[in-house]
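Subject: Structure handover

Hello,

Here is the structure for your files. Please open it first; the notes on what was found follow below.

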Amino acid sequence: MESCTINSPLGHTKISGNDEGVSSISIVDFEDKISETIPEPLQKCAEQLMAYFENSLKVFDLKLNPKGTEFQKKVWKQLETIPYGKTISYLELSKQLGDAKAIRAVASANGKNPLWIVVPCHRVIGSDGSLTGYAGGLHRKQWLLNHESQYKQQSLF
């Protein structure tokens, strides 16, 4: 497993993975040093994250290899279908997965998403429109939603 740390508008971002795909992307303590070089298997991910932050990328095209249960992976796969600049509720996500009563399990899997931004768990909100739980902090969730809302109308070339 290889890793690197890049700088982003929301803090230092650690990317881990190998030739089988990116396994995790997370915010880390600012004391973590920015990597001088990015391992080859992680270069495309680092480039796409920076393009996302620069408003020139709305859809990621990466080989992903997150570690989790089959249920978690099913939830994370469904998260990838939420369009850029859009939000859905935990209840809507549960219904899309076929069981509205599984809302707590779906919310738990959402919260364990190891692929920050690329698998857009930040696009899931409370049924009343409130921002609820986010591993990176609600201020980052709000920033990401504002970022996408601001640029969703732009056409990307």
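Which residues does Ile34 touch, not counting residues up to four places away in sequence? They are Thr5, Ile6, Asn7 and His12. Contact here means heavy atoms within 4.5 Å.

Ground rules next. This is a predicted model, with local features needing pLDDT of at least 70 and side-chain atom pairs counting only at pLDDT 80 or more, while totals for chains, interfaces and linings use all residues. Residues are numbered from 1 along each chain as its sequence is written, and side-chain values use heavy atoms, with hydrogens and water left out.

More on Ile34. It sits in the loop between β3 and α1. Its relative accessibility is 34%, so Ile34 counts as partly exposed (buried is under 20% relative accessible area, exposed is over 50%, partly exposed is in between; 1.4 Å probe, protein chains only). Ile117 is 83 residues from Ile34 along the chain, and their C-alpha atoms are separated by 19 Å.

Overall fold. The protein chain has 5 helices and 5 strands. Their order from the N terminus is β-β-β-α-α-β-α-α-β-α. Both are DSSP runs numbered from the N terminus: helices are H or I with at least four residues, strands are E with at least two.

Dimensions. The C-alpha trace spans about 45 × 35 × 30 Å along its principal axes. The radius of gyration is 15 Å, which agrees with the value near 15 Å for a compact globule of 157 residues. That radius is taken over C-alpha atoms, and the globule rule is 2.2 Å times the number of residues to the power 0.38.

Burial and core. Of the 157 residues, 48% count as buried. The largest nonpolar core has 37 residues. Such a core is a set of buried Ala, Val, Leu, Ile, Met, Phe, Trp, Tyr and Cys residues joined through side-chain atoms within 4.5 Å. Ile15, Ile25 and Leu49 have the most contacts inside this core. Elements giving it two or more residues include β1 (2–8), β3 (21–28) and α1 (40–53). The largest share, 7 residues, comes from α1.

Two residues to look at. Beyond four places in sequence, Ile25 touches residues including Cys45, Leu49, Pro114 and Trp116. Ser94 lies in helix α3. Its relative accessible area is 1%, so Ser94 is buried. Leaving aside neighbours within four places in sequence, Ser94 is in contact with Asp99, Ala100, Ala102, Ile103 and Val106.

Best regards
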